[in-house]
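Here's a quick briefing to keep beside the viewer. Have the chains open and follow along topic by topic.

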Amino acid sequence: MDYTAPPPETTRPARRSGGREGSSLWLMYAILLLFALVILFSFWIIISVSLTSTAELRYGFRILPPRFSLEAYQYTFANMKGIWNAYGVSAVYALLGTLLAVAVMSAFAYALSRPRFQARRGLTFYVFFTMLFSGGLTPSYILIKQYLKLYDTIWVLILPGLVNCWHVMMLRTTMQSLPSSLYDSARIDGASEYRVFVSVALPLSAPALATVAFMGLLGRWNDWYTPMIYITKNSLFPIQYLLQRMLNNIQEAMNMIEFSPFASSVDVSKLPRENLRMAMMVITIFPMMLVFPLFQRFFIRGITVGSMKG
Amino acid sequence: MTAIRRAIRAPNKAARRNISENAQLWTLALPAVIQLFVFSYLPIFGVVLAFKKFNVTKGIMGSAWVGLENFRFYFTSLDASRTLRNTLTMNALFIAIGTVCSIALALALFEAPKRGHVKFFQTVFVLPHLVSWVVVSYIAYTLLQPTSGLINGMIKRLGGTAIQWYTQPKYWPAILVCFSVWKGVGMSSLYYYGSLMGVDEEIFEAARLDGAGRLQIAWHVSLPFLVPTITVLTILSIGGIFRADFGLFYNVTMNNGMLYPTTDVIDTYIYRALMKVGNIGMSSAVGLFQSLVGMALVLATNAIVRRIDADRALI
């Protein structure tokens, strides 16, 4: 009953390198290293600014801070209540949203994968059509704001993006490709469709589910667009949206600071500036970089095996 | 009597089982079906807004019809030519430059002899895909900020005068191409690398025995194998040429109005028409126009792809 196929290789076997063509090998490595360094450098400069002290910021950003200072991080951890709230909103959005999405989409995908389901073709078209044509931003906005009354609630983050058609199709293809004998034997044993779904289809499509879950987490954690359109309440700002506003508006950063009773005596020029924003950015990127290795196996394999359609 | 009844019931048993099976499958499908109906299909009916002068108190149905007025307003404005031109030319640049860069990276990655190195590059190349456009806008800000940004810092150290990046539209096509490449190329190079992995290793072995060098193999063996994938992916991305990446154009430019001559695209225009101007009729009209042309392009490009490689077609 164990159906896990041997994992496809994501790199090919090592090859002996001929000494004669060392120079072209260098060219290949130069291209790869250049791009890799550009990527790492881009992330580094954010980190570098976040490690610069406020006093030294006025000399401009540096590739290497004159001396490493944790001031911005200390300040964030001590004073920025707003950012932790936004962090919480993002966590709820990402976790709850992904959990619901995977449940709803995998159940749908399972139904679509069953040959005996009579509505299968009709519903497949129903999904495809939404990928082809959409009403656009404005009708959705009017619908959600005027009619559904989801504006400024956590549900506007979770519900509209719940079903991703690409992910449904990917899950459906995976479930279809499982040997039908597995389903049939379970059905002969008298198991209901629910049971077959939960105890046969789900466990066997674990890699696809992991990929969809990771992409769901990533998309929701990184989402600034939905809140930009539908959220105006400070307490419901997810982290990315907060940071987006902060880049454009230093005032926003100050609103997030819990002022002392002597708020008026706070010297605005002493408030941490870009280093603080960059520190918050680093703290925001962190969770996804942390989660990525867990999913990397499935993720890179999914791309490398090149399942455009599956 | 019971025997007859049983005989009648027997074939029905399978049918009944089939009905209950279908009912169960329907309940599994239902949440998603309802979600799609509410959030994807209801807005499609909302496109009537494009032909109305929307009034909140009267609702969609009660608002007055204005025919094609909303479309006329957009197409006769200067914004139409600007947004259409920027959307099409910037997307064309992204597709052309992005494709060339991803192929170069994929070919180089394929020639890298050490497995550990390949894994390292794969991981690094995926990183830009893991972050949002907001993160990219922070990186851009660190580089381009006029007084303390790294690039102006370097220009000043070399004796030049600082450039006001965020107010000069002429630099932005190049800047946007750089960030688009930065964010997308690593990922798409992995797709190309994936299709190279599918090529029979013996072919490369044979080329090597014939004395071909790495560059020759990359150019004369690997690249020809990539051509079908390149063709299909390029055609598919041309299908999306009418849709701009809102995050790139909005965040990296910090939505700066002075840059609109080169950075305003259809999607940012629709957003502003709705959220800043509050012209619901016109923003729906432009949205509908974009959806229709977008659909036509996707269908057309798909028809072409189906002829080349049926497995890659979406429909």
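What follows covers helices, a pocket, aromatic pairs and domains.

This is a predicted model, where local features need pLDDT of at least 70, side-chain atom pairs count only at pLDDT 80 or more, and totals for chains, interfaces and linings use all residues. Residues are numbered from 1 along each chain as its sequence is written, chains are lettered from A and ligands numbered from 1 in the order in which they are written, and side-chain values use heavy atoms, with hydrogens and water left out.

**Helices**
- Helices here are DSSP runs of H or I with at least four residues, numbered from the N terminus.
- Over in chain B, helix 13 (residues 266–275) has nine of its ten residues buried, including D267(B) and R272(B).

**Second largest pocket**
- About 480 Å³ of space lies in this pocket.
- Of its 20 lining residues, V38(A), C178(B), F179(B), V181(B) and W182(B) are the closest to the centre (lining residues have an atom within 4 Å of a pocket point).
- Helix 1 (22–50) of chain A joins helix 4 (78–111), helix 6 (133–144) and helix 8 (172–197) of chain B in each giving at least two residues to the lining.
- The lining counts 19 nonpolar, one polar and no charged residues.

**Aromatic pairs**
- There are 38 aromatic pairs over all chains, where ring centres lie within 6.5 Å and planes under 30 degrees apart count as stacked, over 60 as edge-to-face and the rest as tilted.
- Y141(A) and Y151(A) sit edge-to-face, 6.3 Å centre to centre with 85° between the planes.
- Y141(A) is in helix 6 (residues 137–147) of chain A and Y151(A) in the loop between helix 6 and helix 7 (155–158), so the pair ties together parts ten residues apart in sequence.
- F75(B) and F289(B) are edge-to-face too, with centres 4.8 Å apart and planes at 90°.
- F75(B) belongs to helix 3 and F289(B) to helix 14 of chain B, 214 residues apart.
- F75(B) is partly exposed at 38% relative accessibility, whereas F289(B) is buried at 18%.

**Domains**
- Chain B is assigned domain 1 (2–48) and domain 2 (80–312), with bounds from an automatic or database assignment.
- Their C-alpha centres lie 43 Å apart.

Notes. Buried means under 20% relative accessible area, exposed over 50%, partly exposed in between (1.4 Å probe, protein chains only). On a 1 Å grid over the protein atoms alone, a cavity is a set of points where a 1.4 Å probe fits but cannot get out, and a pocket is an open set with protein on both sides within 12 Å along at least five of seven lines; lining residues have an atom within 4 Å of a point. Grid points are joined across faces, edges and corners, and a volume is the space filled by probe spheres set on the points. Ala, Val, Leu, Ile, Met, Phe, Trp, Tyr, Cys and Pro count as nonpolar, Asp, Glu, Lys and Arg as charged, and the others, Gly among them, as polar. Rings of Phe, Tyr and Trp (its six-membered ring) pair if their centres lie within 6.5 Å; planes under 30 degrees apart count as stacked, over 60 as edge-to-face and the rest as tilted.
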